[in-house]
Amino acid sequence: MTISALTTIGFDADDTLWQNEQFFRMTEKRFAAMLAEHGDHDQIAARLLEAERRNLALYGFGIKGFTLSMIETAVEVTGGEVPGSIIGEILAAGREMLSHPIEPLPHARETIEKLAGSYHLVLITKGDLFDQERKLAQSGMGDLFDAVEIVSDKSTATYARIFSRYGRGPQNSMMVGNSLKSDVIPAIEAGSWGIHVPHELTWAIEQAEAPVAAPRFRQIADLGELPSLVEAIAKAE
Ligand SMILES: [Mg+2]
């Protein structure tokens, strides 16, 4: 058996290791209910998504930017008449999201524990710095990672840079995550393996076509399938 060329495994955090999008959807429902006089759920949600898209380049990913976009949407749909009490409720909803206990996804911890001794593990996540650090600390998985990279965006250059720092470079690395657009496609473009672990809830902005023709693309049903996939890839190399 040859020594594995695979040295490094990157993991996305939100909706890969623990639930995330469900809290955004719950808050969106609450938000639509606060503004029910001004439109139904789908109308309010569509306006909110427009605001989020507009603001992404300014606020980045995360709950604080989401909260500001909710306030902006409330101002818009009420023609500038939104009461201070509603602004207060929006801010409270954002704070609740920032203090919600994490819910790990199936097989996350056991899989990270299994792989930790044999590979460099790097957590690569977008979002608010404080919030991601809080969730990682709460998960109890922080010590199993060799490094944590909280980035403003996940591009091909991001993966090339991070995977060059840990292990033997992008060619010898793998990225695992629920977003085809942010986790899988740019990692494959950087020369790495891209492993898709679909989550039933994926934000509209994170959706993309699966790169089915790419030789380094794989999809697994949950993280429980990852150790045997890693072993098969490492053996074949
Ligand atoms: Mg994710």
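Asn178 is buried, with a relative accessibility of 8%; buried means under 20% relative accessible area, exposed over 50% and partly exposed in between (1.4 Å probe, protein chains only). The model is predicted, so local features need pLDDT of at least 70 and side-chain atom pairs count only at pLDDT 80 or more, while totals for chains, interfaces and linings use all residues. Residues are numbered from 1 along each chain as its sequence is written, and side-chain values use heavy atoms, with hydrogens and water left out.

**Metal site**

Asn178 (OD1) coordinates the magnesium ion together with Asp12 (OD) and Asp14 (O), at 2.1 to 2.2 Å. Donors are N, O and S atoms within 2.8 Å of the metal (3.2 Å for Na, K and Ca); water is not among the atoms, so sites may look incomplete. Along the chain the donors follow the spacing D-x1-D-x163-N. Asp12 lies in the loop between β1 (8-11) and α1 (21-34), and Asn178 lies 166 residues away in the loop between β4 (173-177) and α8 (180-189). Helices (H or I, at least four residues) and strands (E, at least two) are DSSP runs, numbered from the N terminus. Asp12 is also buried, at 5% relative accessible area.

**Rings and charges**

Rings of Phe, Tyr and Trp (its six-membered ring) pair if their centres lie within 6.5 Å; planes under 30 degrees apart count as stacked, over 60 as edge-to-face and the rest as tilted.

| Pair | Centre to centre | Angle between planes | Class |
|---|---|---|---|
| Phe24 and Phe66 | 4.9 Å | 65 degrees | edge-to-face |
| Tyr159 and Phe163 | 5.9 Å | 25 degrees | stacked |

Phe24 in helix α1 and Phe66 in helix α3 (residues 63-77) are 42 residues apart and link distant parts of the chain; both are buried. Tyr159 and Phe163 are 4 residues apart in helix α7 (residues 156-165), about one helical turn, and both are buried.

A charge sits over a ring if NZ of Lys or CZ of Arg is within 6 Å of the ring centre and within 35 degrees of the ring normal. The charged end of Lys126 sits over the ring of Phe61, 3.6 Å from its centre, and that of Lys64 over the ring of Phe130, at 5.9 Å.

**Helix α9**

In helix α9 (residues 226-236), the buried residues include Leu226, Leu229, Val230 and Ile233. Seen down the axis, the buried residues of α9 fall within an arc of 160 degrees, so they line one face; the arc is that of the directions from the helix axis to the C-beta atoms. Ser228, Lys235 and Ala236 are exposed on the face turned away from the buried side.
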